[in-house]
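I set down what I looked up, entry by entry.

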Amino acid sequence: MQDLLIRNIRPMGAEAQDILIRAGRIAAIGKGLAAEGATVEDGAGAIAIPTLADTHTHLDKTTWGMPWYPGRKGGSLQDLIDNERNSRIPLGLDVHRQSMRHAIQLVENGTGHIRSHVDIDTDHGLSLLEGKLATRTALADAVDMQIVAFPQSGLMKRPGTYELMDEALAMGADVVGGLDPSSMDRDPKGSLDAIFRLAEKHGKPIDIHLHEYGELGAFTLEEIIARTHALGMQGLVGVSHCFCLGMPDPLRVGPLMEEVAKADIRIFTTGHPSAEVPSLQDMRAAGIRVGLGCDGIRDTWGPWGQPDMLHRARIVGMKNRMRRDDELELLLDAASRGGVEAMGLEAPGLVPGGSGDLTLVAGETLAHAVVEEAPRPLVVKRGRVVARAGRIALPGVVMP
Ligand SMILES: [Zn+2]
């Protein structure tokens, strides 16, 4: 592969320099770099940051580019789940096409890593996973994708789901998902034992959606922490949302966060506007590795969201009452390098030897770049330009 030399960029907002990427990794950062035969790009003085990471999304759910969906429901979590499961086939929601639309836009907006859940249920079997695996293959040069086998309709309450999860993990899903072991499955011991059994059998990490509030959520979280230690799975367990860490009781939440950090459990937060969410600043101060995610975008659940991690970072920033530049820099780190680390991958940032994944962003400083709404001028994956001026620029990849 040809070397890539990007001239006149400001790594992490520093003064203008050049970056040389060779064989997919950063070979040098400095002024006046030269490399014979390299492809040369002019960064025009833009800030360079590591590519963004959407660590919690659902590429199999979006209706983006389809006719407007007027059938969204209110009601309970169960109502929303049932509405989606019953709507997919009548709507003609083709998971490969829709996940391509969603993922390509994330790439165009500077995303280099995606962790996406995919529904595994007894109505659809493994068909949704198949569509998403095809998307991962089609976009392999543009984005690294982890797929979570996710029992959206329940694991214990729908017999046959465990066996499908087992097959999904054998077929190429990377992570064992779960959903509210207490409030959804009504069987925290059975549900968590099943999730950890699948993880042990397949040697794969775990990422559990935990919407349970307050003491119920704290109880489930303590059970997750206990199993993480008992099975030596520190660093391999993630909890998404974890609203219970957002409960307004610092004497309860502080020690819980310390326990989460000790078990090296990763937290994936979306800054959910209609829930109490854990404080990003407090989690990072406790030493917890945190990723941010857009969650579902314009799906049967809700009309909101954009496939853009900077858009999501603004929501998380507002939710966490962030104002100061140092807070916005922390936010940007969680939306990029920190999220990749939370996904269990190496993430040293823009340093020699690090991966050649970077995106240019508009703005005078890192803090300004978070709030500025503008296309990403250039997105680079493993030393290859994959998007330019907010449009995919990878041969053979077209928006369906
Ligand atoms: Zn989710």
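I take helices (H or I, at least four residues) and strands (E, at least two) as DSSP runs, numbered from the N terminus. The model is predicted, and I note that local features need pLDDT of at least 70, side-chain atom pairs count only at pLDDT 80 or more, and totals for chains, interfaces and linings use all residues. Residues are numbered from 1 along each chain as its sequence is written, and side-chain values use heavy atoms, with hydrogens and water left out.

**Entry 1: the largest pocket.** I searched for pockets (on a 1 Å grid over the protein atoms alone, open sets of points where a 1.4 Å probe fits, with protein on both sides within 12 Å along at least five of seven lines; lining residues have an atom within 4 Å of a point). The largest has a volume of about 890 Å³. Its lining holds 35 residues, and H272, P273, S274, D295 and W301 are the closest to its centre. Helix 1 (77-91) and helix 9 (309-319) each supply at least two lining residues; helix 9 gives the most, three.

**Entry 2: the second largest pocket.** I recorded a volume of about 420 Å³ for this pocket. It is lined by 20 residues, with G246, V277, P278, S279 and R321 nearest its centre. Helix 7 (250-262) and helix 8 (280-285) are the elements that give two or more residues to this lining. Helix 7 provides the largest share, five residues.

Terms used. Points joined across faces, edges and corners; volume = space filled by probe spheres on them.
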